[in-house]
Amino acid sequence: MLIDELQGKALDEFIQGILSLQSAEECRAFFDDLCTVNEIKTMVQRFQVAKMLYNHHTYSEIEEVANASTATISRVKRSLNHGNHSYEVIFERMKLNPPEKGSE
């Protein structure tokens, strides 16, 4: 696990801080304060790529819709297939609790 390299009190506090957020609005505001626009765009793109791979879209479909390079798609696919399975956890939970209208 790559995050193992960052273990410690600071990482634990960071994760606890994120877990304390109670709404999409709070989460949006936090990441707006924390990250640059490009960092957020990169994370959103990777999440979109992962979701499309999870739903069996082709590389060409993902390139077109997510505007992602094949290198990005491959990197995300490697995480999806050989990572911590966190994408699957999120996507399955999202099926059970879909986003509210207007917050997509």
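At what angle do helix 4 and helix 5 pack, and how far apart are their axes? Keep that in mind while you set up the view.

**Before you start**

This is a predicted model: local features need pLDDT of at least 70, side-chain atom pairs count only at pLDDT 80 or more, and totals for chains, interfaces and linings use all residues. Residues are numbered from 1 along each chain as its sequence is written, and side-chain values use heavy atoms, with hydrogens and water left out.

**Stop 1: the whole chain**

Show the chain as a cartoon. It has six helices and zero strands. Along the sequence the pattern reads α-α-α-α-α-α. Helices (H or I, at least four residues) and strands (E, at least two) are DSSP runs, numbered from the N terminus.

Of the 104 residues, 15% are buried. Buried means under 20% relative accessible area, exposed over 50%, partly exposed in between (1.4 Å probe, protein chains only).

**Stop 2: helix 4 against helix 5**

Select residues 59–66 for helix 4 and 70–82 for helix 5. Here is the opening answer: they pack at about 115°, with axes 10 Å apart. Axes are lines fitted to C-alpha atoms, for helices over the stretch in contact, and angles run from 0 to 180 degrees between N-to-C directions. The two helices are therefore roughly perpendicular (65 to 115 degrees; under 35 is roughly parallel, over 145 roughly antiparallel, the rest oblique).

Show side chains next. Helix 4 contributes Y59, I62 and E63; helix 5 contributes T70, I73, S74 and K77. Contact means heavy atoms within 4.5 Å. Color by type: three are nonpolar, two polar and two charged. Ala, Val, Leu, Ile, Met, Phe, Trp, Tyr, Cys and Pro count as nonpolar, Asp, Glu, Lys and Arg as charged, and the others, Gly among them, as polar.

**Stop 3: helix 3 against helix 5**

From helix 3, pick Q45, R46, V49, A50, L53 and Y54; from helix 5, pick T72, I73, R75, V76, K77 and L80. This contact holds seven nonpolar, two polar and three charged residues.

**Stop 4: T72**

Zoom in on T72, in helix 5. Is T72 buried or exposed? T72 counts as buried because its relative accessibility is 11%. Leaving aside residues up to four places away in sequence, T72 touches Q45 and R46.
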